[in-house]
Amino acid sequence: MTTQDAVLLFVVNKDEVLLAESNYREGKTTWNGISGYLENKEKPEEAAIRVLYNEVKLRIYEHDLEQVGIMHLYTLYPNNSHKKALRITIFLCERFQGEARMTPG
């Protein structure tokens with residue numbers, strides 16, 4: 001079974017939560033926290049910092065992150081050809097620098 005690692009980050013400012021619009025399925029818009037995959041030998045905290053800056057230009061530090069969960073998703077392909085797993089580390093962040101702005105892409 002192959003496992004891919006990802007992060008999901010919820011940035012909270014008082015009573016507001018930063019959500020990003022995404023189009024995972026054609027024609028269907030969804031809203032979620034900021035997310036992305038780990039690159040090379042990144043730790044989840046490093047990926048969360050990188051992804052947040054790349055997506056919305058907010059700066060955070062590792063000590064600003066609170067890990068609040070790990071979610072495991074599994075896909076089994078027809079005829080049990082192979083299994084795929086996604087391990088998502090979920091973070092909450094209430095301290096950040098900058099003003100959020102979406103980047104093209």
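The model is a predicted one. Val17 belongs to strand β2, which covers residues 16–18. Together with Leu19 and Trp31, Val17 makes up a nonpolar patch on the surface. The accessible area of these three residues together is about 310 Å².

## Overall architecture

The protein contains 1 helix and 7 strands. Along the sequence these elements follow the order β-β-β-β-β-α-β-β. The helix, α1, spans residues 44–56, and strand β6 runs over residues 65–76. Strand β5 covers residues 34–37, while β7 covers 83–93.

Taken along the principal axes, the C-alpha atoms fill a box of roughly 50 × 35 × 25 Å. Of the 105 residues in the protein, 27% are buried. The accessible surface amounts to about 7600 Å², and carbon and sulfur atoms contribute 48% of that area. Among contacts with a separation of 6 or more, 58% are between residues 24 or more positions apart.

## Confidence

The average pLDDT of the protein is 89, and 92% of the residues score at least 70. Confidence is highest in α1, with a mean of 96. It is lowest in strand β3, residues 20–25, where the mean is 73.

When neighbours within four places in sequence are left aside, Asp64 is in contact with Leu92, Cys93, Glu94 and Arg95.

With Arg95, Asp64 also forms a salt bridge, in which the closest N and O atoms are 3.6 Å apart. Because Arg95 lies in the segment after β7 and Asp64 in the loop between α1 and β6, the pair ties together parts that are 31 residues apart in sequence. The two partners fall into separate accessibility classes: Arg95, at 54%, counts as exposed, whereas Asp64, at 11%, counts as buried.

## The other salt bridges

The structure has 5 salt bridges. One of them joins Glu39 to Arg50, with 3.4 Å between the closest N and O atoms. This pair links distant parts of the chain, since Glu39 is in the loop between β5 and α1 and Arg50 is in helix α1, 11 residues away. Glu39 is partly exposed, at a relative accessible area of 42%.

A further salt bridge connects Lys43 with Glu62, and here the closest N and O atoms are 3.3 Å apart. Distant parts of the chain are linked by this pair as well: Lys43 is in the loop between β5 and α1, and Glu62 is in the loop between α1 and β6, with 19 residues separating them. Lys43 is partly exposed, at 38% relative accessibility. Glu62 is likewise partly exposed, at 38% relative accessibility.

Technical notes
Residues are numbered from 1 along each chain as its sequence is written. This is a predicted model: local features need pLDDT of at least 70, side-chain atom pairs count only at pLDDT 80 or more; totals for chains, interfaces and linings use all residues. Side-chain values use heavy atoms; hydrogens and water are left out. Helices (H or I, at least four residues) and strands (E, at least two) are DSSP runs, numbered from the N terminus. Contact means heavy atoms within 4.5 Å. A salt bridge is a side-chain nitrogen of Lys or Arg within 4 Å of a carboxyl oxygen of Asp or Glu. Buried means under 20% relative accessible area, exposed over 50%, partly exposed in between (1.4 Å probe, protein chains only). pLDDT is the predictor's confidence in each residue, from 0 to 100. Patches are made of residues with over 30% relative accessible area and no salt bridge: like charges are joined within 9 Å, nonpolar side chains (Val, Leu, Ile, Met, Phe, Trp, Tyr) within 5 Å. Accessible areas come from the Shrake-Rupley method with a 1.4 Å probe; for residues, only the protein chains shown count as cover.
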